[in-house]
Amino acid sequence: MEGAPGCSGSRSLPFEFERSRSESSGDEDDEDDEEEEMEEEELEGDSGVRFGTDDGELDSDDDRERMINLAELTPYILCSICKGYFIDATTITECLHTFCKSCIVRHFYYSNRCPKCNIVVHQTQPLYNIRLDRQLQDIVYKLVVNLEEREKKQMHDFYKERGLEVPKPAVPQPVPASRGRPRKVLGSVFRIPPELDISILLEFIGANEGTGNFKPLEKKFVRVSGEATIGHVEKFLRRKMDLDPACQVDIICGDHLLEHYQTLREIRQVIGESAVQDGLLVLHYGLVVSPLTIP
């Protein structure tokens, strides 16, 4: 019995050792937990930096990109003339309305006004005031699936069917580097040769009975060389209006009946400012029955 306390005492040592070890292991576990919590906080902080948020939290649903239906953008990428998507988007510099290039060029054959707002684009040469909008065209091609590929295929087939060489896409020319603020170079879609120095306005003054059927002149603004004669103008009118050979064309400038041999430059110099209106040489033409055909 006396050895019992010794036994119990000898057994108490392992117990105390295990308890101390468990306490120390508990302290170590606490330290490990603290280190893991610190690591998790650092990882969360790093993840916040990686995702670009200021407070370390993920972006909310409101900040994410919203899917937009193509129908919402359709009114902004449609040509008001052909009602189709822009092809070679071309903008009028006077009013900033945009159309397909082929549509607006064809429209300017008959009118010098914007088809959308009716503003006068240019008195004689509206093609001077249009510019290709390449950025808008790139946006249209990115929004409408396969539009660019279909357009290229149609153009390729068009030229091949007619035995013509398919035009190569225009390569933008590099702009030389210069000091200071870069300048944006704007070029006209069309360049008119300098020899076409006279702009004329052809005004119809009527036709006598018996002149037959004829088509009205579609384009009354014409730019020609000053060396062109009244005979050239008459041939132009006959071809465009499908005039009968028996129909006579009288061309008048001011109060002067013009002869076939007179050049436009000569007429402008002789008659003077009275023949010019807003920079245009105004010619009036009428249709009468040729005297040789009268019985």
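pLDDT is the predictor's confidence in each residue, on a scale from 0 to 100. This is a predicted model, in which local features need pLDDT of at least 70 and side-chain atom pairs count only at pLDDT 80 or more, while totals for chains, interfaces and linings use all residues. Residues are numbered from 1 along each chain as its sequence is written, and side-chain values use heavy atoms, with hydrogens and water left out.

**Colour by confidence**

Helices (H or I, at least four residues) and strands (E, at least two) are DSSP runs, numbered from the N terminus. Confidence is lowest in helix α1 (residues 3-50), with a mean of 48, and highest in strand β2 (residues 98-100), at 95. Select residues 1-25 next: pLDDT stays under 50 here, and the model has two contacts (heavy atoms within 4.5 Å) for them beyond four places in sequence. Residues 45-58 also have pLDDT below 50, with seven contacts beyond near neighbours in sequence. Where pLDDT is low, the predicted coordinates should not be read in detail.

**The cores**

A nonpolar core is a set of buried Ala, Val, Leu, Ile, Met, Phe, Trp, Tyr and Cys residues joined through side-chain atoms within 4.5 Å. Buried means under 20% relative accessible area, exposed over 50%, and partly exposed in between (1.4 Å probe, protein chains only).

Select Leu202, Leu237, Ile251, Leu264, Leu281 and Leu283: of the 26 residues in the largest nonpolar core, these touch the most other members. Two or more residues each come from β4 (198-207), β5, α6 (230-241), β6 (247-253), α7 (264-271) and β9 (280-289). Helix α6 gives the most to this core, five residues. Another core, of 22 residues, lies apart from it and includes Phe99, Leu136, Val140 and Val144.

Go back to Leu264 and show its surroundings. Leaving out residues up to four places away in sequence, Leu264 touches Ile198, Ile200, Val224, Ser225, Gly226, Ala228, Ile230, Val233, Leu281 and Leu283.

**Phe221**

Phe221 lies in strand β5 (residues 221-224). Is Phe221 buried or exposed? At a relative accessible area of 18%, Phe221 is buried. Beyond four places in sequence, Phe221 touches Asn112, Gln123, Thr124, Ile200, Leu201 and Leu280.

**Salt bridges**

With a salt bridge taken as a side-chain nitrogen of Lys or Arg within 4 Å of a carboxyl oxygen of Asp or Glu, the count is six.

- Select Arg265 and Glu227, whose closest N and O atoms are 2.3 Å apart. Arg265 is in helix α7 and Glu227 in the loop between β5 and α6, so this pair ties together parts 38 residues apart in sequence. Arg265 is partly exposed at 27%, whereas Glu227 is exposed at 52%.
- Move to Arg238 and Glu234, which meet at 3.1 Å, N to O. Both lie in helix α6, four residues apart, about one turn of the helix. Arg238 is partly exposed, with a relative accessible area of 23%, and Glu234 is buried at 10%.
- Finish with Glu148 and Lys152, at 3.4 Å between the closest N and O atoms. They are four residues apart in helix α5 (residues 147-161), so about one helical turn separates them. Glu148 is partly exposed, at 28% relative accessible area.
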